[in-house]
Amino acid sequence: MLDLIGWSSLPAGLLPKWLWIVGVTSFLNTFQAFATLSATKRIYANKQHEVTGLSGRTFGVWTLLSSVIRLFGAYNLHIAPMYQITICTFGIAWLHFMSELFVFRTAKITGPFLAPCVVATSSLIWMVSQYSYYVKQY
């Protein structure tokens with residue numbers, strides 16, 4: 001089944017597979033963001049009243065854009081700009097979630113909030129540490 005959706009075409013290593021999994025998961029989360037606000041309200045649990053249909057759909061569009069970039073990145077990590085823009089998706093996500101926790105105080109530390117934070121943080125560290133392995137300098 002995974003071969004039908006491009007798994008076998010991924011470059012060698014675990015990072016491309018991780019990016020593919022995160023990209024597909026993000027893609028599926030896009031539909032959730034458009035269909036219901038319940039999951040988004042669990043992330044921004046301190047100020048659920050600020051989660052609106054518009055903010056939920058905006059979150060869904062951001063999630064879709066991140067998904068597309070991460071999926072393209074999974075297959076093209078050898079291209080420096082693609083690698084860099086993929087890193088940026090995790091950096092922007094990390095900054096967003098940290099600002100919601102510490103600056104705007106809309107989030108509280110719960111499982112639904114921690115999951116994207118852990119993904120963003122670990123992916124950032126992993127991608128920065130593996131840059132020279134995937135992006136060859138000529």
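Which residues have the most contacts inside the largest nonpolar core? In this predicted model, they are Leu 15, Leu 19, Leu 77, Tyr 83, Phe 90 and Met 127, in a core of 14 residues. Two or more residues of this core come from each of H1, helix H4 (80–102) and H5. The greatest contribution is that of H1, with four residues. In soluble globular proteins, nonpolar side chains tend to be buried together.

Residues up to four places away in sequence being left out, Leu 77 touches Leu 15, Pro 16, Leu 19, Tyr 83, Met 127, Tyr 134 and Val 135. Another core, of 12 residues, lies apart from the largest one and includes Ile 43, Tyr 44, Leu 101 and Phe 113.

The packing of H1 with H5 was examined next. Two packed helices are described by the angle between their axes and the distance between the axes. For helix H1 (residues 14–35) and helix H5 (residues 111–134), the axes come within 10 Å and cross at roughly 145°. The crossing of H1 with H5 is left-handed. On the H1 side, the contact is made by Leu 14, Leu 15, Pro 16, Trp 18, Leu 19 and Val 22. On the H5 side, Val 119, Ser 122, Ser 123, Trp 126, Met 127, Gln 130 and Tyr 134 take part. Of the residues in this contact, 10 are nonpolar, three are polar and none is charged. Leu 15, Leu 19 and Met 127, named above for their contacts inside the largest core, are also among the residues that join H1 to H5.

Ser 26 is found in helix H1. With a relative accessible area of 9%, Ser 26 counts as buried, because this value falls under the 20% cut-off. Neighbours within four places in sequence aside, Ser 26 is in contact with Thr 63, Ser 67 and Arg 70.

Thr 40 lies in helix H2 (residues 38–43). Its relative accessible area is 6%, so Thr 40 is buried as well. When residues up to four places away in sequence are not counted, Thr 40 touches Val 51 and Phe 59.

Confidence in the model was summarised by pLDDT. The chain has a mean pLDDT of 95, and 96% of its residues reach 70 or more.

How values were computed:
Residues numbered from 1 in each chain as written. Predicted model: local features only at pLDDT ≥ 70, side-chain atom pairs only at ≥ 80, totals over all residues. Heavy atoms only, no water. Buried < 20%, exposed > 50% of the residue type's maximum accessible area, 1.4 Å probe, protein only. Contact = heavy atoms within 4.5 Å. Axes fitted to C-alpha atoms, helices over the stretch in contact; angles between N-to-C directions. Left-handed = near helix turned anticlockwise from the far one by under 90°. Nonpolar A, V, L, I, M, F, W, Y, C, P; charged D, E, K, R; others polar. Core = buried A, V, L, I, M, F, W, Y, C linked by side-chain atoms within 4.5 Å. pLDDT = per-residue confidence, 0-100.
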